Each structure stands twice: as C-alpha cells, then as structure tokens.
Amino acid sequence: MKLPNIVVRILSGIIFIAILIGGMLVNQYTFAVVFSLITALLLYEFYGLIEKATKIPVVRTWNILGGFALVLGGFYYTALGSAFFAFVPYISYLLVLFVSELYLKRQNPIHSLAYSILGQVYIAVPFALTNYLVFAYEPGSYHYVYILALFVFIWINDSFAYLTGMAFGKHRLFERISPKKSWEGFIGGAVFSIASSFIFAHFYPNLSTIAWIGLSVITVLFGTWGDLFESLIKRTLGVKDSGNMIPGHGGILDRFDSTILAIPAVFVYLVMINYL
C-alpha cells in the first residue's frame with residue numbers, strides 16, 4: 001500500500017532531522033561523517049542539476065571528491081591542530097581539475113571549470129567552515145552549540161515566516177525571484193528567531209545576550225538571502241525543485257539552501273566578535 005504524501009513527508013523529515021541533529025550531538029567524529037556526507041550529496045545534486053539543465057559536462061565524481069576532501073581537511077585542521085598539510089588533497093584536486101581540461105577536449109572548457117568552481121565555492125567552502133563553528137565555543141574542544149543554534153534559528157525562521165506570511169503577507173519581499181515571500185513573513189520569522197536566541201543566551205553564556213541576538217539576526221538575514229539565491233539558480237536553470245533526493249521534500253539542496261550563506265556569515269561574525 002502506498003503511503004499518503006503527507007505521511008512520507010513527515011517520516012522522511014523526522015529521519016532527516018534525527019540524522020542531522022544526532023551527528024551534531026554525539027561527538028566530533030559523527031559530526032565529521034554526517035556533514036561530509038551531506039556535502040557530498042549536495043554536490044552530487046548540484047552538479048547533476050547543472051549537467052541536466054545546461055548540458056555542460058562537469059566531472060561530477062571528481063568534484064564531489066574535491067568537496068569531500070575540503071570538508072575533511074577542514075576537520076583535520078581544526079580538530080587535530082594539523083598544519084596546512086590537511087589541505088594537500090584539496091589542492092591536488094584543484095590542480096587536476098585545471099590540468100585535465102587540457103586533455104578532455106571540451107567545446108567550452110571555461111564553462112565546465114566555472115560550474116565546477118561554483119559548486120566548490122557555493123557548497124564545499126561553507127560546509128568546510130562548519131568545522132570552525134564546532135570548535136569555536138571552547139577553543140580546542142568540540143561543542144555543537146553554534147552549529148545547532150544556526151539550524152534552530154533557520155528552522156524557526158522558516159516555520160514562522162511561512163505561518164505569518166500566510167496569515168498577514170501582503171507586501172512582496174523579492175517578487176522577481178520568489179513571488180510568495182512577503183515582508184510580513186520575513187519580519188515574523190525574524191522576531192521568533194530572535195526570541196529563541198534568549199534561550200541560547202540563558203543556557204550558553206559564553207556569548208552575551210546581545211551577541212546571541214546578533215548571531216540570530218545574521219543567521220536570519222543571510223539565511224533568507226541563501227534561500228533567495230538558490231531560487232535564483234533554479235529560475236536561471238528553469239527548474240522547480242533541485243531534485244527528489246528526500247521523499248516528500250524534493251531535493252537536499254532545497255533543504256539546505258538557507259544554511260549555505262548563513263554558515264560563512266556566522267563564521268565571519270564569530271571571528272569578528274572573538275577578535276574584538
């Protein structure tokens with residue numbers, strides 16, 4: 001018997017969140033495994049989408065291995081205090097990527113290289129930076145609070161932006177890219193995300209309340225831009241969903257679009273407040 005779509009959506013959502021949160025909460029090694037695999041899946045979907053929509057060939061397997069190497073190299077560097085030797089595999093990937101275009105005899109190698117590098121900058125680099133987030137709360141020790149807070153802020157923002165947008169949305173936020181998003185939804189999601197930052201401030205006083213509020217604001221702002229940028233990609237490529245990897249939810253890129261720009265923004269924010 002075929003399960004109703006709503007049941008499939010709920011079950012797959014529960015499994016997805018359980019794996020994600022479990023990977024963060026257990027220890028640094030489960031974090032490394034889960035987030036490196038998520039990076040590989042995101043790159044697999046992104047490069048597949050590019051090849052299907054543009055007909056421009058990219059060596060999908062090699063690019064996925066490159067992103068995988070960057071995330072694991074970042075983990076090795078931050079967790080074990082390794083020297084830049086940790087990034088030798090990724091630098092090797094880049095060298096092979098460029099040199100290989102001399103021999104592949106493609107009609108437009110610049111386009112192939114551009115899309116290959118875009119996937120690395122857009123997906124692999126942000127997820128490599130998550131390694132900093134999980135070792136920034138207590139330098140030298142693994143702690144999940146910053147990365148967990150980032151996802152919680154995004155999930156709360158998405159949920160309440162949808163609810164308040166449905167109830168009160170009248171003024172379009174960015175109609176050219178995403179006609180359904182409204183300023184009312186954006187404000188509603190932001191308010192509830194900021195409110196949740198007080199809970200983190202209470203239980204994790206390593207950051208001041210003001211700093212936690214700032215972190216939530218940065219996450220919401222860049223999370224919204226991340227969502228819009230992925231919509232821009234899909235509109236440009238002429239597709240509705242990034243894929244169908246998660247039953248009932250569509251593509252995995254659709255589930256992580258908000259985090260992709262939020263992660264490097266939070267990285268910059270934490271580096272600045274720790275430096276200052």
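The legends below describe close-up views of a predicted model.

View 1. A polar atom of the Thr259 side chain lies 2.7 Å from the backbone oxygen of Phe256. When neighbours within four places in sequence are left aside, the residues in contact with Thr259 are Phe127, Leu150, Phe151 and Ile154.

**View 2. The largest nonpolar core.** This core has 66 residues, and those that touch the most other members are Phe35, Ile123, Phe127, Tyr146, Trp212 and Leu215. Helix H2, made up of residues 28-54, gives the most to the core, with 12 residues.

**View 3. The contacts of Trp212.** With neighbours within four places in sequence again left aside, Trp212 is in contact with Val145, Tyr146, Ala149, Phe153, Ser197, Phe200, Ala201, Tyr204 and Leu207.

**View 4. A nonpolar patch on the surface.** The patch is formed by Tyr29, Tyr76, Leu80, Phe85 and Val88, which together have about 550 Å² of accessible area. Tyr76 belongs to helix H3, which covers residues 60-80, and because its relative accessible area of 38% falls between the cut-offs of 20% and 50%, Tyr76 is described as partly exposed.

Notes. Residues numbered from 1 in each chain as written. Predicted model: local features only at pLDDT ≥ 70, side-chain atom pairs only at ≥ 80, totals over all residues. Heavy atoms only, no water. Polar contact = N/O pair within 3.5 Å; in protein donor to acceptor, adjacent residues only side chain to side chain. Contact = heavy atoms within 4.5 Å. Core = buried A, V, L, I, M, F, W, Y, C linked by side-chain atoms within 4.5 Å. Buried < 20%, exposed > 50% of the residue type's maximum accessible area, 1.4 Å probe, protein only. Helix = DSSP H or I, 4+ residues; strand = E, 2+ residues; numbered from the N terminus. Patch = residues over 30% accessible without salt bridge, like charges linked within 9 Å, V, L, I, M, F, W, Y side chains within 5 Å. Areas by Shrake-Rupley, 256 points an atom, 1.4 Å probe, with all protein chains shown as cover. Salt bridge = Lys/Arg side-chain N within 4 Å of Asp/Glu carboxyl O.
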